[in-house]
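Here's a quick briefing to read with the structure open beside you.

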Amino acid sequence: MKILVINAGSSSLKYQLIDMDGEKMLCKGNCERIGMDEGIFTHKTEDGREIHKDVVMPDHTAAFGQVKEALLDSEKGVIKHLDEVTAIGHRIVQGGALFSESVLVDEKVIEGIESLIPLAPLHNKAHVQGIRACRAVFGEKVPEVVVFDTAFHSTMPPKAFMFNVPYEYYEKYAVRRYGFHGTSHRYVSARCAQLMGKDIKDIKMITCHLGNGSSITAVDGGKCIDTSMGLTPLDGFMMGGRTGTLDPSVVTFIMEKEGLSPAEMDQILNKKSGLLGISGVSSDDRDVTAARKEGNPRAKLAHDILEYQISKFIGGYMVALGGCDAIVFTAGVGENQSAHRWEVGKYLEFLGVKLDEELNTSIVLGKEGKISTPDSKIEVYVIPTNEELVIARDTKALVEKL
């Protein structure tokens, strides 16, 4: 069974084709700048064959046309006939309270995703466009499945997901904590249990998805009991361009002093804060790291804040869990920035966390493994995330029931 995994954004469309016989990625690619005058299409097979071209893609249907063409390409394609694609799995950011698990796509499901657009305007609107465009190119006979980022967090109790605002806003507008990166947290928590050789039901774990967007999740027995992102991905701790949690009065104070509209303030909170706002260098942690090595004091301050806030969330979730057996680092920063892991480990030393410096430094660039010492009271792992594989697995499981 070959499954095409789709992640549609407002102006992009990422894809992977996975052969579920051995769970092998056959190819992956990206359609960038959809709807713009100059589009970019890239495609790379597992054995290194590549397509890179500038092409105008006026909409997502045109983008799927490029994907179809690349998959079938006589030299750089990976299939001979389109019917080799058994099913298609879509990543959906916001499932709200409507979807707590992956489901097969039908018109009612599409309408449900559309109804949640106010909670994730850019993401869910793009996902709906992606599903409809996919149907236009591949036909409605190919089964499609939607996998929700928020689904893994649907097990949070009310004491974790409610905000301290009048209850009427929860009743009227569903204002609550939803959490994101759920597919990633789900994958690495399950993989960590495998590496530990234990049943996930017996493990209390904290998973740290650290990238340009970041979140930390408390996982008890394989289920999320709390997570750092909230109604939107803005909540939590410092990220590339996002503030994370802050005093709400900071928002109204700056808006009043600067004469800013809600839209302008939203841009500051989501795009101009975090690592970029503090360092003045970049929202990319690699650039901030380079500046820090050159002696930039604000770059160092940005890292100090980041490591401190990550450590506080981990400590808080240990309380929420009533203990902790394992900590996992994943995603671009979590997998590759060993210096951050080391500093977080130092904050947690009093709790019995001990990192092996050599292992911590060496496990980067897609490597997987334990970075804690044998006598560490809490095991610490680096596990590269694989959200696409989770989507493919869910798609396969649902399609096989048809």
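How many bridges join strand 2 to strand 3, and do they run parallel or antiparallel? Eight bridges join them, and the two strands run antiparallel. Keep in mind that this is a predicted model.

**Strand 2 and its partners**
- Strand 2 covers residues 12-19, and six of its eight residues are buried, so the rest of the structure largely encloses it.
- On one side of the story is strand 1 (residues 2-8), which pairs with strand 2 in the antiparallel sense over seven bridges.
- In that pairing, Ile3 sits opposite Ile18 of strand 2.
- Getting from strand 1 to strand 2 takes a hairpin of three residues.
- Strand 3 spans residues 24-32, and its Lys28 stands opposite Gln16.
- Strand 2 and strand 3 also make a hairpin, this one with four residues between them.
- Look for Gly22 in that turn: its phi is positive, at about 100°.

**Helix 10 against helix 11**
- Helix 10 (residues 285-293) packs on helix 11 (residues 297-321) at an angle of about 125°, and their axes are 8 Å apart.
- The two helices are therefore oblique to each other, and their crossing is left-handed.
- Helix 10 brings Asp285, Val288, Thr289, Ala291 and Arg292 to the contact.
- From helix 11 come Ala299, Lys300, Ala302, His303, Asp304, Leu306 and Glu307.
- By type, the residues of this contact split into five nonpolar, two polar and five charged.

Notes: Residues numbered from 1 in each chain as written. Predicted model: local features only at pLDDT ≥ 70, side-chain atom pairs only at ≥ 80, totals over all residues. Heavy atoms only, no water. Axes fitted to C-alpha atoms, helices over the stretch in contact; angles between N-to-C directions. Parallel < 35°, antiparallel > 145°, perpendicular 65-115°, else oblique. Left-handed = near helix turned anticlockwise from the far one by under 90°. Contact = heavy atoms within 4.5 Å. Nonpolar A, V, L, I, M, F, W, Y, C, P; charged D, E, K, R; others polar. Buried < 20%, exposed > 50% of the residue type's maximum accessible area, 1.4 Å probe, protein only. Pairing = 2+ DSSP bridges.
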